[in-house]
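Here is a short briefing for a first look at this structure. Keep the sequence and the 3D view open while you read.

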Amino acid sequence: MTERQLIFAANWKMNHGPAEARSFAQKFLSLTSSVEGRGLWFFPPAVSLAALSEAMKGRPDITIGAQNVHWEPSGPFTGGISIPMVTEVGARLTLVGHSERRHLFGETDEQVARKTRAALNAGITPLVCVGETLAERDGGRTEQVIVRQLAPVLQAIPPDAWAQVLLAYEPVWAIGTGKNATPDDAAQIHELIRMELDRSGVPGRISILYGGSVNKGNVAFLLSRPQIDGVLVGGASLDPTGWADLVDEGSRAKVRPSGGFDIVTG
């Protein structure tokens, strides 16, 4: 079985200003080293992008991204942040359509598509998030919601451009609640997403991360499923020692052809 390129993505949300970001980086770098086949992504608040990019430079396995961007490069958008602005201070990635942007700030599926297209046109990697609420899950509408969220992005991005796009499945009911989808639940939705991409003519295998109350205790179980290419983590990524431990634990998960897992020791 081909080894996956695992991605451990830390979404700091509205935490860690520039001074805290530099302190985090100093500690985290002392606890980790570059590992082939593993990427460490950080999405700090916009005010900390420059500080964290500078502090993490020299580690080719670490990439810094923005939590949110506007689709226009400039203009009368009070409070907005453009892609040229974040790339100037070191961002090479951006989250798009995180559930908190959708549900707290009213971001629409169409706006997610516009941001995704703008990111690709600007040469940065979009990590596009999709996921259902608890009511949608209980109502048996998970597939319907995922397909609806993907549709405008699939319309906006030509199939041959999808090689530069990553997706994250983040069930809204699992974010920050302590609940998380089981590995089988998550793997099933990842398969659904890949089927939808295939139906739309997207070539190759697009990396899909899982996000939703990921922690050190469950990360290896989640990554035991070959459908899951990494994790998008919020609260458990805020402490440098805890995040280093989670990354190390997840990096030890080995997928067997049966779908089981083995934890490498020693």
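The model is predicted. Its eight strands close into a barrel, in the order β1-β2-β3-β4-β5-β6-β7-β8, and the pairing is parallel. From one strand to the next, the twist averages 25°.

**Strand pairs in the barrel**

- Strands of a sheet pair through backbone hydrogen bonds, and the pairing can be parallel or antiparallel.
- Strand β3 covers residues 62-66, and strand β4 covers residues 93-96. Two bridges link them in the parallel sense.
- Within this pair, G65 stands opposite L93 of β4.
- Four bridges pair β5 with β6, again in the parallel sense. Here V128 stands opposite L167 of β6.
- On to β7 (residues 208-211): three bridges join this strand to β6, and the two run parallel. Y169 faces its counterpart Y210 in β7, standing opposite that residue.

**Side chains of β6**

- Strand β6 spans residues 166-169.
- Which way do its residues point? L166 and A168 point one way, while L167 and Y169 point the other way.
- Residues on both sides are buried: L166, A168, L167 and Y169.

**Helix α5**

- Helix α5 (residues 109-122) lies across β4 and β5.
- The helix runs at about 160° to β5, which spans 125-130.

**Helix α10**

- Helix α10 runs from residue 240 to 251 and has 12 residues. At 1.5 Å a residue, it should span 16 Å. Its end C-alpha atoms are 16 Å apart, so the model agrees with that expectation.
- Which residues of α10 are buried? They are P240, W243, A244, L246, V247 and G250.
- Seen down the axis of α10, these buried residues fall within an arc of 160°, so they line one face of the helix.
- An α-helix has 3.6 residues a turn, so residues three or four places apart point the same way.
- The buried residues of α10 pack against several elements. Among them are the strands β1 (6-11), β2 (38-43) and β8 (230-233), and the helix α1 (18-31). α9 (219-222) and β9 (253-255) are also on the list.
- D239 caps the N-terminal end of α10. One of its side-chain oxygens lies 3.2 Å from the backbone nitrogen of T241.

**Loop residue S48**

- S48 sits in the loop between β2 and α2 (49-56).
- Is S48 buried or exposed? S48 has a relative accessible area of 0%, so this residue is buried.
- Leaving aside neighbours within four places in sequence, S48 is in contact with H16, G17, P18 and A21.

How values were computed. Residues are numbered from 1 along each chain as its sequence is written. This is a predicted model: local features need pLDDT of at least 70, side-chain atom pairs count only at pLDDT 80 or more; totals for chains, interfaces and linings use all residues. Side-chain values use heavy atoms; hydrogens and water are left out. Two strands pair if DSSP finds at least two bridges between them. Axes are lines fitted to C-alpha atoms, for helices over the stretch in contact, and angles run from 0 to 180 degrees between N-to-C directions. Contact means heavy atoms within 4.5 Å. The expected span of a helix is 1.5 Å times one less than its number of residues. Buried means under 20% relative accessible area, exposed over 50%, partly exposed in between (1.4 Å probe, protein chains only). The arc is that of the directions from the helix axis to the C-beta atoms. A polar contact is a pair of N or O atoms within 3.5 Å; within protein, one must be able to donate a hydrogen and the other to accept it, and residues adjacent in sequence count only if both atoms are side-chain atoms.
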